[in-house]
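Here is a colleague's note for someone meeting this structure for the first time. The points below are meant to be read with the structure open alongside.

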2 protein chains.
Amino acid sequence: MERLDQQMRFVAEIGLLKGVLRQTMLGGLGRRENSAEHSWHIALMALALAEYAPAGTDIGRVVAMLLVHDLVEIDAGDLFVYADEAQQARQRQMEQTAADRIFALLPPGQAAGLRTLWDEFEERRTPEARFARGIDRLQPMLENLKVGGGTWTEHQITADQVLAKVVLIEDGSPELGRYARDLITGAVRTGLLLPPRDPARP
Amino acid sequence: MERLDQQMRFVAEIGLLKGVLRQTMLGGLGRRENSAEHSWHIALMALALAEYAPAGTDIGRVVAMLLVHDLVEIDAGDLFVYADEAQQARQRQMEQTAADRIFALLPPGQAAGLRTLWDEFEERRTPEARFARGIDRLQPMLENLKVGGGTWTEHQITADQVLAKVVLIEDGSPELGRYARDLITGAVRTGLLLPPRDPARP
């Protein structure tokens with residue numbers, strides 16, 4: 001197949017991400033968010049919040065990572081962030097298989113380049129991947145607050161569960177982590193989020 | 001207002017782009033495309049097709065430009081690419097006003113940076129802006145072909161009208177321009193697009 005034709009097959013295939021729905025409800029629109037528009041939002045967030053990444057972070061790489069990070073959901077679907085460990089493990093397996101298929105639509109060298117970006121995001125070892133993951137975790141919190149609780153209310157999520165995810169934000173950016181922690185405190189105070197579960201009463 | 005709070009107002013505001021509908025119909029989904037998911041698609045296209053940009057093009061800048069290029073539609077809405085000149089002029093005016101408002105949600109220095117990106121895209125003078133504009137024009141053609149004609153059929157668009165837009169693609173990338181021209185020839189041959197209007201018969 002001609003190189004450009006092969007690249008255009010990838011371009012067509014990735015369009016399917018517009019049909020993958022996330023749990024997040026969009027305030028004012030009365031519908032769930034899809035993974036393509038979510039990816040756009042967080043890529044632009046990374047540009048707008050770049051100054052909160054550790055010094056020396058390559059923001060262009062963060063943006064590229066965020067643009068590709070959800071492509072695997074074309075095959076694997078989106079899993080709710082509070083799904084249990086067994087579901088998460090199954091999801092990781094499906095996403096690996098999806099990555100094998102989707103990136104391989106591109107010519108080999110290019111496929112390897114984008115796959116490396118995706119692996120880097122998943123492994124969360126570089127400052128770029130950590131910052132990207134933090135932004136990816138922050139955005140649904142902001143959306144939940146906008147709709148007065150959203151998936152937190154719907155699934156009876158408690159503050160301790162949300163705080164466990166804030167660790168990922170702090171890991172990418174201490175300032176954004178602090179900001180998220182304050183949001184959660186505020187959400188508990190205003191009743192948008194259930195207080196931490198009392199570990200003494202299961 | 002605290003700097004981060006101000007940036008977070010911008011982050012919340014840009015989310016409204018998910019509610020701006022374009023003319024493009026999405027194959028398989030049976031709905032119109034919104035400007036946020038469109039922006040994601042073309043940003044990732046710019047990465048996948050980077051090798052067709054003129055040598056030395058800063059692809060990170062192209063991607064950033066594509067991420068912000070449609071934000072003005074939050075206020076101005078999306079105008080069909082084949083709208084008449086009077087409508088286009090009105091739209092340009094509304095988009096300037098929208099840019100003044102939306103970018104100014106950010107702290108001044110940062111607002112100026114993103115506004116410069118938007119202006120650069122609009123002015124189409126740098127290789128980055130030309131490549132970005134070309135990708136922005138190519139994507140709806142690909143979507144129309146996927147749905148068997150799409151907005152071309154719906155609005156009885158003829159090949160000469162589409163070819164006038166291909167000039168923008170060629171201007172950003174000769175290879176992608178050639179590819180688009182071939183697509184149009186094929187679309188006329190298979191009946192997905194009306195042949196050029198005979199200028200002798202108005």
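1. In this predicted model, strand β1 (residues 21–26) of chain B pairs with strand β2 (residues 31–34) of chain B in the antiparallel sense, and three bridges connect the two strands. One of the pairings to look up is that of Met25(B), whose bridge partner in β2(B) is Arg32(B). Four residues lie between the strands of this hairpin, and Gly28(B) takes a positive phi near 85°.

2. For the chain as a whole, the secondary structure of chain A comes to 10 helices and two strands. Followed from the N terminus, the elements of chain A run α-β-β-α-α-α-α-α-α-α-α-α. The radius of gyration of chain A is 18 Å, close to the 17 Å that the globule rule gives for 202 residues, so chain A is as compact as a globular protein of that length. Along its principal axes, the C-alpha trace of chain A spans about 60 × 35 × 35 Å.

3. How is chain A laid on chain B? A turn of 180° with a shift of 0.0 Å along the axis does this, with an RMSD of 0.0 Å, and that is the relation of a two-fold axis. The same surface serves both copies, in that 100% of the contact residues of chain A recur in chain B.

4. Where the chains meet, one contact to examine is that of helix α2 (residues 35–48) of chain A with helix α2 (residues 35–48) of chain B, which pack at an angle of about 75° with their axes 8 Å apart. The helices α2(A) and α2(B) are therefore roughly perpendicular to each other. From α2(A), the residues Ala36(A), Glu37(A), Ser39(A) and Trp40(A) meet Ala36(B), Glu37(B), Ser39(B) and Trp40(B) of α2(B). Sorted by class, this contact of α2(A) with α2(B) has four nonpolar, two polar and two charged residues.

How values were computed
Residues numbered from 1 in each chain as written. Chains lettered and ligands numbered in written order. Predicted model: local features only at pLDDT ≥ 70, side-chain atom pairs only at ≥ 80, totals over all residues. Heavy atoms only, no water. Axes fitted to C-alpha atoms, helices over the stretch in contact; angles between N-to-C directions. Parallel < 35°, antiparallel > 145°, perpendicular 65-115°, else oblique. Contact = heavy atoms within 4.5 Å. Nonpolar A, V, L, I, M, F, W, Y, C, P; charged D, E, K, R; others polar. Least-squares fit on C-alpha atoms with pLDDT ≥ 70 in both. Rg over C-alpha atoms; globule rule 2.2 N^0.38 Å. Pairing = 2+ DSSP bridges.
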